[in-house]
Amino acid sequence: MVGHLLEVKDLEVKFALRFGDLTAIDGISFILDKKEKLGLVGESGAGKSVTGFSIINLISKPGYISGGSVTLDGVKLNDLTDSEMREIRGNKISMIFQDPMMTLNPVLTIATQMTETVHAHRNVSKNDAMDIALDKLKKVYIPSPEKRLFQYPHECSGGMRQRIVVAIALLTNPALIIADEPTTALDVTIQAGITDLLSELCETDDMGLILITHDLAVVSQVTEKIAVMYAGKIIETGLTEDIIKNPRHPYTQGLIGSIPGTQEMGKRLTQIKGMMPTLTDIPKGCAFHPRCDIGEQICRETTPLLESVDGEKRLIACHIAGV
Amino acid sequence: MFAFIIRRIIQAVIVMLVISFIGFSVQHSIGDPVRDMVGERVSEAEREALRDKLGLNDPFLTQYFRFVKNACYGDLGISYFHNKPTMHVILRKAPATIELIFATTIIILLITFPVGVYSAINPNSWFSRVVMGVSTIGVAVPVFLTAIILIYIFGVELQWLPAFGRGDTVNIWGWETGFLTKDGLLHLILPSISLASIMLPLYIRLIRSEMMEVLETEYIKFAWAKGLNRYRVWLLHAFKNTLLPVITVIGVEIGILFAFTLLTETVFQWQGMGFMFLEAVERADTALIVAYLVIVGVMFVVINTLVDVIYGFVNPMVRITGSK
Ligand SMILES: Nc1ncnc2c1ncn2[C@@H]1O[C@H](COP(=O)(O)OP(=O)(O)OP(=O)(O)O)[C@@H](O)[C@H]1O
Ligand SMILES: [Mg+2]
């Protein structure tokens, strides 16, 4: 193995607020190999989006990376200058956002929004940039792409816009795509289309994928690996198959238990008792213990580490189940 | 786009009918054209005969329609004081006011956009803080005070700039312009800065807050994620979206700019329509007052339509649906 595509190590993200710093990401680590697909799952507020943005160093304002490292293809992204980082964004790593209605600029044509990305990273003529744009629109199965190019976002439906966003992500043949809930804002009938498209493109174009979602059902169909996040930490990670069949952490068990039949698509996760704590009052010890059925005294006192269990490719952060 | 323009023209016609109706009603109830035409010594019977002849005893609406019809031919009555068609009087004064407003607009655009955009991008820089502080005070300073202070400093103490009148003008096809002589341009500086001063704080704050809001949107975040050059993100992606609400406000505020020409022209003895209007009010020259209202109304409608057309070009949504 020559080296990993992406290596996130002890990443820590804080938000500098008036009353002090809030830790949103608390030392997470994971590895993604070339062409691998990782599902990042967890309830709302777990820190999935912040993780995604911190990889391309684009956390919104009071947020900053306070520790750890992100390494892409052997290059440590933390050390890059602004303009070097700009060369990574949209070039080596593309992002797809949640709501296609808000992602595209309403006053610029599709063509402008596509070719500008090409021009930002490739030294090509206008015509060549146009050809690349057209080619990618075809790739995401947009009907009459020549016409689409000269339209504005409001002339396209939601599903069409998300396809365009995917096409934009593909423009520079990136090594990694980070898709932050790419289907959550879409009609159920369109969701499957977008997810299938993404996993198909990863196969054909040799791209790595980080798929951020609430939806374990989607993840189980697309990805090879899963990382489950809870209150800013990864609490269980391993091969998708293993985790879906045999979740070990009580939180993961709760998540999977709440899907009616692992095969069924498009269902949102329902409840584990209680709610995830907000960043301001994360409990001492294991952050999950107030909601946990198998917790013991130790869970209230010490934070469990993410450790491998019985030599498997599986890591769990749990005092009880991890033994 | 075609439907959009047609719709705008219809709206403009309606607005003009309303303005002319109000103007005519005012004239009808307070003005007395007969007094304007003949002296005090003509007998009441002769006046009555003259009224009949002029159609002044016709029903109100008949007179109004005659007024509109004449207005369409450019006839807005006779000025009692100048003893000339009001249209001629006003058209002679119009270039001064139009050039003043034009210069003011240029100053406003040149200052507010760069400053507003810069302070939206760097909200915490000392420059932005100073600008915000000054503009908070600036909103509260009345124009005549700005004007008098400017006149005192640059006109009286330093004697750098002329403070009264238009200076040398050149006549081009009947248009007296001050843009083509150095003297004319120098005379423009103080009045246009004074007039601009009412709008500067407002626009800087507006542009800044709109731009800051746009910078928080998802599509800007996506633009960053695409790895675009920062100037492209700021000056194309963010700025173009900032323009939309700002253009709308400009359309509304232009009326206020016209209103403030009255004050500015008086303080600077600027021989424009505003100066003329205040004189007309003093002399109770009703025909001239009404003609001024109608002509300013026309200008206002024309400029507003232009602003809307520009808005339509910036906002792709307008072109398709034909509505906002
Ligand atoms: N700009 C910000 N200022 C302060 N706190 C923030 C900010 N952005 C995110 N956070 C905090 O970081 C935590 C993680 O947020 P994040 O958006 O990553 O959650 P998520 O897992 O993506 O949730 P969702 O499923 O709702 O998208 C949240 O608790 C949130 O309160
Ligand atoms: Mg999120």
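Modeller: Let's start with a term: a charge sits over a ring if NZ of Lys or CZ of Arg is within 6 Å of the ring centre and within 35 degrees of the ring normal. Also, this is a predicted model, where local features need pLDDT of at least 70, side-chain atom pairs count only at pLDDT 80 or more, and totals for chains, interfaces and linings use all residues. Residues are numbered from 1 along each chain as its sequence is written, chains are lettered from A and ligands numbered from 1 in the order in which they are written, and side-chain values use heavy atoms, with hydrogens and water left out.

Biologist: Over the face of which ring does B:Arg283 lie?

Modeller: Here the charge belongs to B:Arg283, and its distance from the ring centre is 3.7 Å. The ring below is that of B:Phe81.

Biologist: And how far is the charged end of B:Lys221 from the ring centre of A:Phe53?

Modeller: This is a pairing of a residue in chain B with a ring in chain A. The charged end of B:Lys221 sits over the A:Phe53 ring, and the distance to the centre is 3.6 Å.

Biologist: What is the angle between the ring planes of B:Phe24 and B:Phe60?

Modeller: Rings of Phe, Tyr and Trp (its six-membered ring) pair if their centres lie within 6.5 Å; planes under 30 degrees apart count as stacked, over 60 as edge-to-face and the rest as tilted. For B:Phe24 and B:Phe60, the centres are 5.4 Å apart. The pair counts as tilted because the planes meet at 50°.

Biologist: Is B:Phe24 buried or exposed?

Modeller: Buried means under 20% relative accessible area, exposed over 50%, and partly exposed in between (1.4 Å probe, protein chains only). B:Phe60 is partly exposed at 29%. B:Phe24 has a value of 6%, so it is buried.

Biologist: B:Phe24 also pairs with B:Tyr64, so how far apart are the ring centres?

Modeller: That pair is tilted too, with 55° between the planes. B:Tyr64 is buried, with a relative accessible area of 5%. From centre to centre, B:Phe24 and B:Tyr64 are separated by 5.7 Å.

Biologist: Now the ligand: which side chain has an N or O atom 2.7 Å from an oxygen atom of ligand 1?

Modeller: A polar contact with the ligand is a pair of N or O atoms within 3.5 Å. The side chain of A:Glu181 makes one with a ligand 1 oxygen at 3.1 Å. The side chain at 2.7 Å belongs to A:Ser49.

Definitions and conventions
A polar contact is a pair of N or O atoms within 3.5 Å; within protein, one must be able to donate a hydrogen and the other to accept it, and residues adjacent in sequence count only if both atoms are side-chain atoms.
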